[in-house]
Amino acid sequence: MAQRFVIFALAAKLAWASSIISECNSKLPMSLSTVISDLEAEGVNELGTACFLTSRGVTAATKAHFFGIEDESSTAFGTDAGVCMALTPPSIAEVASTAVACGGNIVYYADEDDLSRGEGLFDSLGPAMERILNEGMGPTSSLIVVSKDPSSTKAKLEEAAALVLSSLVSSKEIVSLEDVFHVVEYVTSPEEAMKFVAASEEPAEAQAIIANTVASDFWQTTPLALSSPMSAKDLAAARQLGPAARKAAESAIASVKAMAGDQLVSNFGDLCSAAIKRAVDELDEFALPSLASSSVGRQIRENMKEEISAELATLSDVQLEMLKDACFAEFKQNLSKLRISPNLANDMQDVASKSVADFAKRAKKIPGSTSDSKTAFQSQLKEFCSERLLAARAGGQFRPVPRKGVTIGLHWLLPKPFGNDFRQEPWMVHATDNLVYVPQDKITDVSPEEVAAGDWRNKIVPSPAGNEMLYMQ
């Protein structure tokens, strides 16, 4: 609750200081170009760009509320003060490219739990710092850390940075954040952070930096380009194939969007594969064989395929949602054909199972993982069946099959059906002498003395079971 209050307070301070006049939800860093064009149309002549990065534990909703943005899908926004802010990109490659497109200016916010554990602090900040170092942007870059407790955050962040900084790929030794950024400041609010994003660039200059970054994304992030000087062939491949790959990728993505549109495509996976193959063929036709076979040329081809796949992944999610809607509509049609009987619950379960199996079969034709969608669809059908059964029962239309009684039978054996027997319970026999047999005439002689004593009955064991039963005399 305390953290939510801090976020709300920070967002409130920003809202009081300036207002957002432009937002964009397209892919970074190109969405910055759209925001800059909007600000220029509003009469903003000077502006500053920055990239907003966070630790792993910060959610998308928190990132949006941090600056008072209602649309969580926004990737960039601009204020009337001339500040253009790029929100945390989804992929590492976009993080590095956006940091360069923003001139190495980063506004950073870390979750309190991440700070206390020292984990997830450099998931996005680390790649951005490495790209800034290798681009030589250190003298103009800045890191503005927003925290409610700047002194504590500084100590924890610098402690966690020690191991990360030593593993960065760079031509010089890096031991502190000041070795990466020209300016490192710790502030308590977004309003203070915005003051460090100096509005000193003309819109055309900012647009040019973004365009150059986008054009060079295909080769500037490769390990070969960062670790060693590039040969003449590699430089030629990067200069010629980079724009061609970008054009081929945009053409492939546009063709898939045009064919898919707002409708469900049954063979969407084949369509995506054909689009990627077409883009690769276009690139191979444009490139000279010597350039295409170079290390940078092969890397550009792979980067292009990854970029197309990443863009099509979003369309795949849309196709899955449309497939869920279509299968759910078919499920309801099949339910309407059922007769209301005492077995209605089992009949509905059979229809739901068939619908889930059909959804899973058709979802295999869509690229990406579909297990989560299948589970969500199955839960949706189960909930719908429960609601319909409750409604039918409340309306008196459905009565389940009456429960039948349970009959229980008990069988047992009597251990002594004919009375006591010495061979079964010898401790209950009142006898102390030798064993004798009962005579055939059932008569046993008893002396007069024993009769007079009155205890002669204790000398004879009753034997109602028959002849020859044993007893103790």
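Predicted model: local features only at pLDDT ≥ 70, side-chain atom pairs only at ≥ 80, totals over all residues.
A pocket is an open set of grid points with protein on both sides within 12 Å along at least five of seven lines, and its lining residues have an atom within 4 Å of a point.

The largest pocket holds about 1,400 Å³ of space. Its lining is made up of 46 residues, and those nearest the centre are Lys27, Leu28, Ser91, Glu94 and Glu311. Several helices take part: helix 3 (60–66), helix 4, helix 6 (125–134), helix 10 (217–220), helix 12 (232–260) and helix 15 each provide at least two lining residues. Helix 15 gives the most, with seven residues.

Leu28 is joined to Pro29 by a cis peptide bond, with omega at about 0°. Pro29 itself sits in the loop that runs between strand 1 (20–24) and helix 2 (30–41). Glu94, for its part, is one of the buried residues of helix 4. That helix, residues 92–101, is mostly covered, as eight of its 10 residues are buried. The buried set consists of Glu94, Val95, Ala96, Ser97, Thr98, Ala99, Val100 and Ala101. After helix 4 comes Gly103, which has a positive phi near 75°.

The second largest pocket contains about 250 Å³ of space. It is lined by 18 residues, with Thr49, Asn105, Thr140, Ala198 and Ser200 lying nearest its centre. Strand 2 (48–54) and helix 9 (203–215) each contribute at least two residues to this lining. Here the lining divides into nine nonpolar residues, eight polar residues and one charged residue.

Attention now turns to helix 16, which covers residues 344–363. Its 20 residues should span 28 Å at 1.5 Å a residue, and because the end C-alpha atoms are 28 Å apart, the helix agrees with that expectation. The buried residues of helix 16 are Leu344, Met348, Val351, Ala352, Ser355, Val356, Phe359, Ala360 and Ala363.

Beyond its neighbours within four places in sequence, Pro150 is in contact with Tyr186, Val187 and Thr188. Pro150 and Val187 are 37 residues apart along the chain, yet a distance of 6.3 Å separates their C-alpha atoms.

Finally, the cysteines deserve a word. The structure holds zero disulfides. Cys272 has a relative accessibility of 3% and therefore counts as buried. Cys385 is buried too, because its relative accessible area is 9%, and the label applies under 20%.

How values were computed
Residues numbered from 1 in each chain as written. Heavy atoms only, no water. Disulfide = S-S within 2.5 Å. Buried < 20%, exposed > 50% of the residue type's maximum accessible area, 1.4 Å probe, protein only. Helix = DSSP H or I, 4+ residues; strand = E, 2+ residues; numbered from the N terminus. Contact = heavy atoms within 4.5 Å. Expected span 1.5 Å × (residues − 1). 1 Å grid on protein atoms, 1.4 Å probe; cavity = no way out; pocket = protein on both sides within 12 Å on 5 of 7 lines; lining within 4 Å. Points joined across faces, edges and corners; volume = space filled by probe spheres on them. Nonpolar A, V, L, I, M, F, W, Y, C, P; charged D, E, K, R; others polar.
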